[in-house]
Amino acid sequence: MNFRNFGKTGWKISEVALGTWQVGGGWGTDFNEKKAQRILHSAIDQGVNFIDTADVYDTGLSEKAVGEVVKQSREKIYVATKCGRKIQPHVNEGYTPEVLRKFVEGSLKNMGLETIDLIQLHCPPTPVYHRDEIFEEFGKLKEEGKIQEMGVSVELVDEAIAAMKYDIVSSIQIIFNMFRHKPSEQLFTHSDIDDFGIIARVPLASGLLSGKLSPSSYFAPEDHRSFNRNGEAFDKGETFSGVDYQKGLQAVEELKEIFKGNEPLSAWAIRWILMFPQVSTVIPGASKVEQVSANLHAMNLPEVNTDQMNAVRNVYEKYFKPEIHQLW
């Protein structure tokens, strides 16, 4: 396992970690606790020491499974969870210090932990990033020992930059992949970027960058890749990174040519992200134990060479940049 610095925290975390949006279930399928525990144990056994979850994943069952497995581990496992998405309607006015405190305390109870290593605001509305009282409350929670560090999970690069002005913020989770290049241009170049742990989420663009999807791929009605393509339920950027599905398939075919060989595109997609030293960790999900090993295999691939890096950028500019670059 390779480890990277996590901003100003002093942590050394696995450069490929585990996201748990679909652990033990998968989008549109029921949660299976035994499957979740097998996946989590497999990740830890292979050296993963950072696990990202949220209080809304599988109505708290994902978070609970993470807590149970982490308590069984002899190694230090950093637990990152998120709060705020339970607020309905999901508007700025719903965010209050009192509500967020209850969410944090609820996550502690759900996971059976005495402290949360990293609590993150879960993609709140943009005005929340400019409300001092929200961030001050997390400072109080840190003083009380209920959290160790606080971060933000954002939709927009501008939101990330706004959050960086608060001393309590130590990490930024953001969508970054071969279909979403803006963070590398406008966030990774920030003068203070080294102070922040950067968590790259949605590395495979909801499966598009696995190279296994096709025009006939079926997505269950309960799968966000079916019901949220246009942002019907939440920000459309979370689904296929906000790109048109058919264009995405065309782009994938070109990417396969760039990285043709015996290794799957999914591994190269993760390896491409790791080429950016500002990234602390990538958090691909896994709904099967085998996917954990496949994701971790990306670390063993050779560096993406300059010609390949330029070719990936050309694909992005050809298919996506005019439509999506300004959106996030």
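Gln-308, Val-312, Val-315, Tyr-316 and Tyr-319 are the buried residues of α11 (buried: under 20% relative accessible area; exposed: over 50%; partly exposed: in between; 1.4 Å probe, protein chains only). Seen down the axis of α11, these residues fall within an arc of 100°, so they line one face of the helix. The arc is taken from the directions from the helix axis to the C-beta atoms. The model is predicted; local features need pLDDT of at least 70, side-chain atom pairs count only at pLDDT 80 or more, and totals for chains, interfaces and linings use all residues. Residues are numbered from 1 along each chain as its sequence is written, and side-chain values use heavy atoms, with hydrogens and water left out.

Thr-306, Asp-307 and Lys-318 are exposed on the other side of α11. Cover for the buried residues includes α6 (182–186), α8 (245–258), α9 (265–274) and α12 (321–324), with contact meaning heavy atoms within 4.5 Å. Helices (H or I, at least four residues) and strands (E, at least two) are DSSP runs, numbered from the N terminus. At the start of α11, the backbone nitrogen of Asp-307 lies within 3.1 Å of a side-chain oxygen of Asn-305.

An open sheet of eight strands shows parallel pairing in the order β3-β4-β5-β6-β7-β8-β9-β10. Two strands pair if DSSP finds at least two bridges between them. The edge strands, β3 (18–19) and β10 (281–282), each pair on one side only. Strands β5 (residues 78–83) and β6 (residues 116–122) run parallel and are joined by four bridges. Lys-82 stands opposite Gln-120 in β6.

Notes
A polar contact is a pair of N or O atoms within 3.5 Å; within protein, one must be able to donate a hydrogen and the other to accept it, and residues adjacent in sequence count only if both atoms are side-chain atoms.
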